[in-house]
Amino acid sequence: MAALAPAGPRDAASAALDELSLNFTYGAPGVGNGSLSGAWYRRNQIHLFGVLLAILGNLVISISLNIQKYSHLQLAQQEHPRPYFKSVLWWSGVLLMAVGETGNFAAYGFAPITLIAPLGCVSVTGSAIISVTFLKDNLRASDLLGMTLAFAGTYLLVNFAPNITQAISARTVQYYFVGWQFLIYVILEILIFCILLYFYKRKGMKHMVILLTLVALLASLTVISVKAVSGMITFSMTDKMQLTYPIFYIMFIIMIASCVFQVKFLNQATKLYNTTRVVPVNHIFFTISAIIAGIIFYQEFLGAAFLTVFIYLFGCFLSFLGVFLVTRNREKEHLQQSYIDFGNIPDTTLGRKAWRETNVGQNTTRFK
């Protein structure tokens with residue numbers, strides 16, 4: 001009996017490694033790898049479902065932002081405008097936003113973080129298209145160029161994201177959670193976060209880069225926990241129940257806490273700086289942090305070819321540039337108040353200025 005005692009941990013580790021090896025499937029090099037061929041579709045059907053959920057979720061979010069904007073415009077035209085939170089139309093937009101975020105959340109259960117996170121650019125470009133089409137906002141040459149670049153970047157991202165299929169079970173998450181890569185990553189992230197928080201709180205340094213870096217550091221934990229929670233729920237529905245494992249609730253708490261503090265720092269950034277500056281920088285920082293999190297925690301680029309990685313990064317660059325072009329030079333069309341305000345309710349004077357507002361700068365943190 002004593003001789004068998006140490007075999008337990010080794011057997012558990014071996015079983016976890018065997019499960020991980022079964023979870024990963026890579027497309028073999030050859031015809032159709034990284035292209036829109038029949039072989040590519042057959043290997044990536046589950047990923048495409050996740051991409052579809054993320055794109056539809058982001059488009060619904062775009063619609064919700066424009067509905068909220070339209071409700072502001074309607075209230076501004078009234079002689080005695082009511083507070084926006086009493087508008088049925090505004091709450092319809094909030095409900096649609098919740099539906100869109102649910103789609104983003106579910107997408108992480110079917111596709112890698114490195115594929116879903118950069119698709120947040122769809123929300124920004126979609127908002128611009130809807131705003132121009134239905135709310136008669138001005139269409140600028142930079143908007144057209146930005147949308148084209150964002151769509152081109154999205155195409156490259158979808159085609160050249162890591163070709164990896166991974167079933168997220170509780171044992172898989174536990175194995176990654178105690179891995180040395182993630183432990184080193186978390187220690188470094190905590191150190192950087194504490195240093196930035198010291199300069200922000202003690203030294204009064206409220207530069208936009210500091211605030212958005214704090215948001216990005218929290219976002220990396222958000223996407224890790226969101227994928228873990230979403231993946232375990234998906235695994236429970238398709239295979240074996242995973243919600244009885246403590247790791248599920250640990251990840252759920254991390255997800256909620258990181259989201260709450262992201263909102264806090266992001267709201268602070270939007271109060272101090274114009275959102276037309278905050279949105280593109282936040283999108284870039286969030287996407288980079290999410291990609292790094294996916295690489296380190298879920299090892300999503302393991303075994304990827306150099307050319308595939310290069311084209312994927314080029315697609316990210318195009319989407320970043322597209323978001324920047326769509327959101328640039330919109331200061332005169334922007335209100336210094338977000339549609340969903342977690343602070344004070346704007347007064348009547350601010351409400352009368354709602355005609356200046358544009359929704360392009362209102363894209364908050366994505367589970368993307």
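1. Is Gln299 buried, partly exposed or exposed? With a relative accessibility of 22%, Gln299 counts as partly exposed, given that buried means under 20% relative accessible area, exposed means over 50%, and partly exposed lies in between, with a 1.4 Å probe and protein chains only. Gln299 sits in the loop between α12 (275-297) and α13 (306-327), and although this residue is not a glycine, its phi is positive, at about 55°.

2. On provenance, this is a predicted model, in which local features need pLDDT of at least 70 and side-chain atom pairs count only at pLDDT 80 or more, whereas totals for chains, interfaces and linings use all residues. Residues are numbered from 1 along each chain as its sequence is written, and side-chain values use heavy atoms, with hydrogens and water left out.

3. The protein has 14 helices and zero strands, where helices (H or I, at least four residues) and strands (E, at least two) are DSSP runs numbered from the N terminus. Of the 368 residues in the protein, 51% are buried. Among contacts (heavy atoms within 4.5 Å) between residues at least 6 apart in sequence, 83% join residues at least 24 apart.

4. Helix α9 (residues 180-201) and helix α10 (residues 208-238) have axes that come within 10 Å and cross at roughly 150°, the axes being lines fitted to C-alpha atoms over the stretch in contact, and the angles running from 0 to 180 degrees between N-to-C directions. The crossing angle therefore makes α9 roughly antiparallel to α10, a label for angles over 145 degrees. The crossing of α9 and α10 is also left-handed, which is to say that the near helix is turned anticlockwise from the far one by less than a right angle.

5. By class, the contact of α9 with α10 has 14 nonpolar, two polar and one charged residues, with Ala, Val, Leu, Ile, Met, Phe, Trp, Tyr, Cys and Pro counted as nonpolar, Asp, Glu, Lys and Arg as charged, and the others, Gly among them, as polar.

6. Helix α8 (residues 170-177) packs against helix α11 (residues 246-272) at an angle of about 65°, their axes being 9 Å apart. On the α8 side the contact is made by Ala170, Val173, Gln174 and Phe177, and on the α11 side by Ile247, Ile250, Met251 and Ile254. This contact of α8 with α11 has seven nonpolar, one polar and no charged residues.

7. Also in helix α11 is Phe261, which is partly exposed at a relative accessible area of 45%. Phe261 and Leu218 are 43 residues apart in sequence, yet their C-alpha atoms are 7.5 Å apart in space.

8. Val122, in helix α6 (residues 121-134), is buried, with a relative accessible area of 8%. Leaving aside neighbours within four places in sequence, Val122 is in contact with Ile55, Asn58, Leu59, Ser62 and Thr154. The C-alpha atoms of Val122 and Ala54, which are 68 residues apart along the chain, are separated by 9.0 Å.

9. Finally, on the cysteines, a search of the whole structure finds zero disulfides, a disulfide being a pair of cysteine sulfur atoms within 2.5 Å. Cys194 counts as partly exposed at 44% relative accessibility, whereas Cys259 is buried, with a relative accessible area of 18%.

Conventions:
Parallel < 35°, antiparallel > 145°, perpendicular 65-115°, else oblique.
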